[in-house]
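I opened this notebook to record what I looked up in one structure. The entries follow the order in which I consulted it.

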Amino acid sequence: MIRVENLKKNYGNKEVLKGLDFFIETGEIFSLLGPNGAGKTTTIKILTGQLDPDAGSVQIMEKDVFSHRKFLCPRLGFMPEETNLYERLSVRENLKFFCRLYGVDFNRIEKYLSFVGMAAEADTPVKKLSRGMKQKVLLIRSLLHEPEVLFLDEPVSGLDPASAASIHRLLERLNNKGLTILLTSHDMEEVDRLSDRIAFLDEGEIAALDHPTSLKLNHSPGKLEVLLKVEGKIEKRTLEINSEKAADKIAGWMKEGRLGAVHSSEPTLAEIFVDITGSELK
């Protein structure tokens with residue numbers, strides 16, 4: 001679906017992208033995870049044809065992004081990080097404007113307002129909406145022409161947990177319908193929940209690329225945390241995962257009715273990012 005090879009970009013003397021290589025499968029949710037300034041927004045702007053690279057190639061649906069813009073533009077959707085809506089216009093008026101640009105029927109507005117749960121706000125001026133609702137309007141705008149690939153740049157940046165969770169549920173529903181999604185984020189919980197695969201982007205380079213579970217297993221300390229019931233209290237024990245003694249102890253505690261819970265002590269994606277790059281996600 002999307003193939004990126006040796007992608008490079010400089011701003012003056014600063015190397016922003018240093019030869020990125022990755023591939024995104026059809027129907028996949030693929031995330032670029034990295035701190036501010038890592039090159040995430042630059043990457044997504046190049047992939048959507050908004051910015052020319054200094055070197056390298058990008059193919060979407062086996063078409064070069066830069067020589068097949070006319071073919072690809074109607075098939076790509078883009079939701080920017082900044083809320084660039086017309087504040088004085090209503091939600092419906094904003095979306096009608098983009099329906100005209102895309103050449104699509106106004107009926108799609110009602111369809112997607114219902115999809116995101118905002119039918120009642122159709123005639124509300126954008127300036128009166130919460131940030132979470134504005135993000136939903138941006139999402140609708142990126143879907144009006146029913147693209148095959150959706151690019152999202154920090155889609156829940158600055159949102160409260162409830163609004164972020166609402167956006168996540170919408171993205172999962174879209175992906176279940178077959179939409180390929182690439183999102184950028186510095187929120188490890190977001191990408192952990194949504195992503196089929198994650199690329200760690202650090203100072204313009206991909207430091208690691210894998211499924212979230214595989215990344216955690218590959219960097220796991222191999223420990224189990226066991227919660228035991230001891231004289232009316234809960235105590236924690238730490239055991240080696242691949243130890244026969246650990247299995248015997250857990251079996252014994254189960255027979256005695258003392259076992260409360262068993263957890264593998266997997267690192268978070270943020271901890272793995274620090275371990276690999278030496279940098280923190282901010």
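**Entry 1: a buried lysine and its partner**

I began with K40, which is buried, its relative accessible area being 5%. The model is a predicted one, and I read every value below as computed from it.

I then asked which side chain K40 meets in a salt bridge. The partner is E154, with 3.7 Å from N to O. E154 is likewise recorded as buried, with a relative accessible area of 5%. I took under 20% as the cut-off for buried, so E154 and K40 both qualify.

I located the two residues along the chain. K40 belongs to helix α1 (residues 40-47), while E154 sits in the loop between β7 (149-153) and α6 (161-176). The pair therefore links distant parts of the chain, 114 residues apart.

**Entry 2: the other salt bridges**

How many salt bridges does the structure hold? I noted 15.

I looked up K216 next and found a salt bridge with D192, whose closest N and O atoms are 2.6 Å apart. Helix α8 (residues 212-218) carries K216 and helix α7 (residues 188-194) carries D192, so this pair ties together parts 24 residues apart in sequence. K216 is buried at a relative accessible area of 15%, whereas D192 is partly exposed at 27%.

I turned to K223, whose side chain meets that of E240 in a salt bridge of 2.4 Å, N to O. K223 is in strand β11 (residues 223-230) and E240 in strand β12 (residues 233-240), so the parts tied together are 17 residues apart in sequence. Buried or exposed, or in between? I recorded K223 as partly exposed at 27% relative accessibility, and E240 as partly exposed at 41%.

I also noted a network: R92, E110 and D123 are joined by salt bridges that share partners.

**Entry 3: nonpolar cores**

I asked which residues have the most contacts inside the largest nonpolar core. They are L139, L150, L171 and F200, in a core of 45 residues. Another core lies apart from the largest one and has 27 residues, including M1, V16, L17 and L47.

**Entry 4: domains**

Finally, I checked how the protein chain is divided. I found domain 1 (2-216) and domain 2 (222-265). The C-alpha centres of domain 1 and domain 2 are 43 Å apart.

Methods. Residues are numbered from 1 along each chain as its sequence is written. This is a predicted model: local features need pLDDT of at least 70, side-chain atom pairs count only at pLDDT 80 or more; totals for chains, interfaces and linings use all residues. Side-chain values use heavy atoms; hydrogens and water are left out. A nonpolar core is a set of buried Ala, Val, Leu, Ile, Met, Phe, Trp, Tyr and Cys residues joined through side-chain atoms within 4.5 Å. Buried means under 20% relative accessible area, exposed over 50%, partly exposed in between (1.4 Å probe, protein chains only). Domain bounds come from an automatic or database domain assignment. A salt bridge is a side-chain nitrogen of Lys or Arg within 4 Å of a carboxyl oxygen of Asp or Glu. Helices (H or I, at least four residues) and strands (E, at least two) are DSSP runs, numbered from the N terminus.
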